[in-house]
Amino acid sequence: MAAFALLAAYWLLNLVINWRCESSCVISTLSQTIRLATPIAFAALTGLLCERSGIVNIGIEGQMLMGAMVGYAVNLFSFQFFKQYMDAAAAGNLSRILAVFAGVLATVLLGLLLAVVSIKYKTDQIIGGTVINILSMGVTGYAYRQFLSQNLPLARAPSHSCPSHC
């Protein structure tokens, strides 16, 4: 069944782009689609688990946004700190591990916020989740403008296996 789905996706993508790419371009596009859809699939599974347990968690998007921003900031600043004391590869590995833990901690804290406002203060779970989304958008936007946009490292251009006409 999976082979049929991949073949159908290959055929449909080539049909849309008017058969202008070779197979490596289409395979690269499909693999990028799967890679970029993974966080959305994880969010959908989170929503499913929450609904099955009786929790209406509208704040999943805000939790993802806050976790991503905190993880990025921790990775950026901890790498700059650790590279003074160790080589760049070890500093990068340590800063990535710290970033994952910090991102998870940020999402857990927002989940605890939803639990506190829903259980202790008896607010509606949908209102609490909406507040978490709005809070996350505001905090991440402010933190990015104030702290992160000035400290961005130089980005490398991505390498593509697709021809220029694809």
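Is Phe 81 buried, exposed or partly exposed, and what is its relative accessible area? In this model, which is predicted, Phe 81 comes out as partly exposed, with a relative accessible area of 43%. Phe 82, on the other hand, counts as buried, because its relative accessibility is 15% and the cut-off for buried is under 20%.

The structure holds two aromatic pairs. In the pair formed by Phe 81 and Phe 82, the ring centres lie 5.4 Å apart and the planes stand at 65 degrees, so this pair is edge-to-face. Ring pairs also bring in Tyr 85, and together Phe 81, Phe 82 and Tyr 85 are linked into a cluster.

Now to the helices. Helix H3, which covers residues 60–82, packs with helix H5, residues 125–148, at an angle of about 20 degrees and with the axes 8 Å apart. That angle makes H3 roughly parallel to H5, and the crossing of the two is left-handed. On the H3 side, the residues making the contact include Leu 65, Met 69, Tyr 72 and Phe 77, while those on the H5 side include Ile 132, Met 137, Val 139 and Phe 147. Sorted by class, the contact has 14 nonpolar, five polar and one charged residues.

Finally, I would like to point to Ser 118, which sits in helix H4, residues 88–120. Ser 118 is buried, with a relative accessible area of 15%, and, leaving aside residues up to four places away in sequence, Ser 118 touches Thr 123 and Gln 125.

Key: Residues numbered from 1 in each chain as written. Predicted model: local features only at pLDDT ≥ 70, side-chain atom pairs only at ≥ 80, totals over all residues. Heavy atoms only, no water. Phe/Tyr/Trp six-rings, centres within 6.5 Å; stacked < 30°, edge-to-face > 60°. Buried < 20%, exposed > 50% of the residue type's maximum accessible area, 1.4 Å probe, protein only. Helix = DSSP H or I, 4+ residues; strand = E, 2+ residues; numbered from the N terminus. Contact = heavy atoms within 4.5 Å. Axes fitted to C-alpha atoms, helices over the stretch in contact; angles between N-to-C directions. Parallel < 35°, antiparallel > 145°, perpendicular 65-115°, else oblique. Left-handed = near helix turned anticlockwise from the far one by under 90°. Nonpolar A, V, L, I, M, F, W, Y, C, P; charged D, E, K, R; others polar.
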